[in-house]
Amino acid sequence: MGFLNKLFGTTTKEEETMTNPKLKIGIILGSTRQGRVSPQVGEWVKGIADQRGDADYEIVDISEYNLPFLGTTDGTEPGIAAWNQKLASLDGFVFVVQEYNHSITGALKNAIDFAREAWYNKAAGIVSYGSTGGARAAEHLRGILGEVKVADVRTHPTLSLFTDFENGSVFKPADLHQTNMTAMLDEVIAWSGALKTIR
Ligand SMILES: Cc1cc2nc3c(=O)[nH]c(=O)nc-3n(C[C@H](O)[C@H](O)[C@H](O)COP(=O)(O)O)c2cc1C
């Protein structure tokens with residue numbers, strides 16, 4: 001029961017927002033190439049997440065920010081500031097990670113490098129795909145996230161290019177991933193809420 005409720009015997013939308021605002025979780029698409037499958041995976045994640053009603057989930061598409069390669073410009077491109085503002089507005093993340101040469105994409109690494117404090121003290125889950133579920137890329141990402149003070153949760157849905165995609169391009173996830181997604185999102189929400197208290 002909140003303080004306005006105690007005073008007036010009612011709760012208001014404003015009070016709820018003041019005392020218990022919904023967490024904002026960004027579902028970050030890690031690939032930017034033409035023909036990428038990450039939007040399909042991101043929409044699947046969002047579909048599962050939205051049913052929970054426990055946070056505001058949104059797709060965050062790196063390609064929309066037109067980030068240059070770090071260090072090749074004077075840093076005044078509006079996309080750089082917009083990228084930082086978007087990250088700063090979020091409490092946690094779900095990274096949609098694809099394996100490129102046993103690691104994450106250059107685009108995702110570049111986008112991570114383009115922010116600093118906007119990442120700090122937030123939580124993240126990883127859902128990855130590749131020939132071996134994108135496991136190698138996901139493990140590389142965990143090391144990087146530690147450096148930008150993002151706490152990565154343990155549960156990690158891994159999607160196979162062979163069994164969860166038709167012809168490697170049409171996303172048809174096996175039912176079993178739903179359970180892992182729920183567990184991962186439970187952890188992201190718990191840690192995102194906890195870390196918010198120290199920012
Ligand atoms: C440059 C490049 C390197 C790749 N290297 C790997 C790899 O090391 N391991 C793997 O499992 N898949 C690898 N793949 C396959 C990708 O995981 C697959 O194409 C996936 O769909 C890429 O994600 P995207 O469609 O969202 O870009 C590679 C793909 C590209 C384009």
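Select arginine 33 and the ligand. An N or O atom in the side chain of arginine 33 sits 2.7 Å from an oxygen atom of the ligand. That makes a polar contact, defined as a pair of N or O atoms within 3.5 Å; within protein, one must be able to donate a hydrogen and the other to accept it, and residues adjacent in sequence count only if both atoms are side-chain atoms. Of the ligand's 610 Å² exposed when taken alone, the protein buries 75% (Shrake-Rupley method, 1.4 Å probe; for residues, only the protein chains shown count as cover).

Before moving on, note that this is a predicted model: local features need pLDDT of at least 70, side-chain atom pairs count only at pLDDT 80 or more, and totals for chains, interfaces and linings use all residues. Residues are numbered from 1 along each chain as its sequence is written, and side-chain values use heavy atoms, with hydrogens and water left out.

Now show the whole shell. The ligand is surrounded by 14 residues, each with a heavy atom within 4 Å of it. Ser31, Arg33, Tyr100, Tyr129 and Ser131 are the closest. By class, the shell holds four nonpolar, seven polar and three charged residues (nonpolar: Ala, Val, Leu, Ile, Met, Phe, Trp, Tyr, Cys and Pro; charged: Asp, Glu, Lys and Arg; polar: the others, Gly among them).

Pick asparagine 101. One of its backbone N or O atoms is 2.8 Å from a nitrogen atom of the ligand.

Go to serine 31. A polar atom of its side chain lies 2.7 Å from a ligand oxygen atom. The side chain of serine 31 also makes a polar contact of 2.7 Å with that of serine 38. Serine 38 belongs to helix α3. Its relative accessible area is 0%, so serine 38 is buried (under 20%; exposed is over 50%, partly exposed in between; 1.4 Å probe, protein chains only).

Next, color strand β1, residues 23–29. Helices (H or I, at least four residues) and strands (E, at least two) are DSSP runs, numbered from the N terminus. Six of the seven β1 residues are buried, so the rest of the structure largely encloses this strand. Lysine 24 faces aspartate 56 in β2.

Last stop: asparagine 110, in helix α5 (residues 106–113). Asparagine 110 is buried, at 10% relative accessibility.

Key
Two strands pair if DSSP finds at least two bridges between them.
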